[in-house]
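Here is a structure to explore step by step. Have the sequence and the 3D view ready, and let us walk through it together.

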Number of protein chains: 2
Amino acid sequence: MAEAQPAIGADAVVTLRRIALDGGLAGETKLSCSGLAGDLDVSTQTASRRLQHLEEAGLIERETVGDGQWVSITDAGERTLRREYESYRRVFEEPEVLELRGAVTSGMGEGRHYISLSGYMAQFRDRLGYEPFPGTLNLDLDTESVRTRMGLSGFEPIPIDGWEDEERTYGPAVCYPASVTTTDGDAYDETHVIAPERTHHDEDQLELIAPVKLRDELKLADGNVLMVSVEESG
Amino acid sequence: MAEAQPAIGADAVVTLRRIALDGGLAGETKLSCSGLAGDLDVSTQTASRRLQHLEEAGLIERETVGDGQWVSITDAGERTLRREYESYRRVFEEPEVLELRGAVTSGMGEGRHYISLSGYMAQFRDRLGYEPFPGTLNLDLDTESVRTRMGLSGFEPIPIDGWEDEERTYGPAVCYPASVTTTDGDAYDETHVIAPERTHHDEDQLELIAPVKLRDELKLADGNVLMVSVEESG
DNA sequence: ATTACTAGTTTACGAGTAA
DNA sequence: TTTACTCGTAAACTAGTAA
């Protein structure tokens with residue numbers, strides 16, 4: 001689940017990248033199997049087969065002509081390449097946005113109680129700009145995201161102060177602006193990650209609040225995978 | 001020749017990237033074959049074998065312990081990943097440096113004559129800051145670099161004016177600061193790409209000038225591959 | 001729980017060739 | 001010259017098992 005839906009082999013992606021480097025992203029580019037084969041260091045037969053497979057997978061479109069073929073990369077192909085690129089970016093670059101991935105889970109329903117407390121709700125209205133739906137959407141982060149999440153410590157949080165009433169004290173919390181996207185491409189942008197101020201930041205659970213009930217808004221069921229893009233606030 | 005020396009398969013690189021995402025670049029990271037297998041969507045046996053191959057190729061170091069193994073990525077492994085990353089950067093990002101690759105060729109020796117003409121030489125001294133060795137180092141660019149080279153049109157060149165004497169006119173030229181690196185890792189930084197001002201910019205030949213004879217300085221022979229990093233001047 | 005070996009199967013490959 | 005087929009081989013995979 002951590003690796004995005006490949007459905008195609010690594011060799012196919014390498015071939016696709018090669019086409020992109022030859023100009024297949026900008027539009028059609030003229031290729032020959034032998035030239036491609038030379039670049040990829042494989043036989044012309046393999047180059048031919050690779051192109052066929054990419055076409056069958058809907059990652060390229062092409063038109064063969066007498067002395068070669070015109071190849072262009074489809075939107076799906078570009079998305080495939082961009083996923084690869086983002087993956088390497090995560091390896092080498094310090095991100096200004098953190099991309100987390102997790103599966104919707106029922107959580108323990110305790111979020112609803114705390115969110116709706118007036119001591120918190122007033123701060124949400126002031127500092128987040130909306131009154132959140134009285135409940136949190138909980139995600140089970142995958143192992144990579146648990147690690148990525150640690151990068152949150154480098155972000156400037158929106159503080160939510162703790163307070164106390166006659167019976168007990170309520171601890172401070174932090175929020176980070178975020179947007180979420182489903183695997184179907186549906187998105188909701190005005191959400192916040194919320195977490196206790198003092199957390200080990202090694203959690204595999206992520207809690208989200210939003211002005212609407214995300215579970216209904218995005219038609220989510222337990223187990224649905226959600227991408228969460230956490231931005232630097234400010 | 002266009003694709004860098006892989007020597008390892010695309011699947012191996014994907015596995016290496018997965019280890020990097022799990023923290024194998026920063027230092028040792030704790031892995032298990034089953035966890036890795038889940039991330040890569042392959043069997044645990046394949047994960048085990050992939051790790052063996054990466055170790056044999058010198059791209060990772062590891063120590064197996066009772067409940068898994070500690071894996072770290074070697075310098076060679078990091079270089080491999082960075083090459084992949086740069087490759088995707090070339091696909092998606094507008095580069096501020098152009099990376100060209102070509103093989104040393106004898107050229108036609110006409111460079112020597114023009115370079116040493118006083119009308120040009122004075123401008124080199126003023127605008128490049130040195131008196132170039134009276135000759136050019138000529139490279140045969142590979143097909144990818146021929147395309148990349150077109151990006152030079154987006155760069156601000158150092159202009160070299162044309163002039164005329166009693167016999168004929170000498171055309172204007174443009175220079176771009178560059179540094180060169182051999183496949184052995186030897187480098188020379190104070191060089192310039194030089195080209196006629198009016199060029200089709202679709203050339204497969206690249207001419208370099210430098211204060212020294214690069215062919216001797218870098219112990220170059222015809223056919224040796226040279227990386228040329230062309231920077232935005234200014 | 002691990003890692004990794006052996007065995008059997010599937011997949012990918014290059015050579016040769018046709019269109 | 002191209003692209004892409006068939007065919008025999010080589011490589012990579014999964015399943016089962018041992019340590």
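Start with how the two protein copies are arranged in this predicted model.

Before going on, a word on conventions: residues are numbered from 1 along each chain as its sequence is written, while chains are lettered from A and ligands numbered from 1 in the order in which they are written. Because the model is predicted, local features need pLDDT of at least 70 and side-chain atom pairs count only at pLDDT 80 or more, whereas totals for chains, interfaces and linings use all residues, and side-chain values use heavy atoms, with hydrogens and water left out.

Now look at where the two proteins meet. Here 32 residues of chain A are in contact with 32 residues of chain B, contact meaning heavy atoms within 4.5 Å. The interface residues of chain A are, to 100%, also interface residues in chain B, so the copies meet through the same surface. The size of an interface is often given as the accessible area lost when the parts come together. Chains A and B bury about 3,100 Å² between them, 55% of it on carbon and sulfur atoms; this is the accessible area (1.4 Å probe) that the two parts lose on being put together, summed over both. A:Arg17, A:Tyr88 and A:Phe92 supply 24% of the area that chain A buries against chain B, more than any other three residues.

What holds charged partners together across this boundary? Four salt bridges are counted between chain A and chain B, each a side-chain nitrogen of Lys or Arg within 4 Å of a carboxyl oxygen of Asp or Glu. One pairs A:Glu144 with B:Arg18, the closest N and O atoms being 3.1 Å apart.On the side of chain A that touches chain B, the elements giving two or more residues are helices H1 (10–24), H2 (33–40), H4 (75–92) and H7 (143–149) of chain A; helices (H or I, at least four residues) and strands (E, at least two) are DSSP runs, numbered from the N terminus. The largest share, eleven residues, comes from H4(A).

Finally, turn to the DNA. Around DNA strand C there are 19 residues, of which A:Ser43, A:Gln45, A:Thr46, A:Arg50 and B:Gln69 come nearest; a residue is near a strand if one of its heavy atoms lies within 4 Å of it. Sugar and phosphate account for 68% of the atoms of DNA strand C that come within 4 Å of the protein. H3(A) provides the largest share of the surface near DNA strand C, four residues.

DNA strand D is surrounded by 19 residues too. Here a polar side-chain atom of B:Ser43 lies 2.4 Å from a phosphate oxygen, and H3(B) gives the most to the nearby surface, with four residues.

How values were computed
A polar contact is a pair of N or O atoms within 3.5 Å; within protein, one must be able to donate a hydrogen and the other to accept it, and residues adjacent in sequence count only if both atoms are side-chain atoms.
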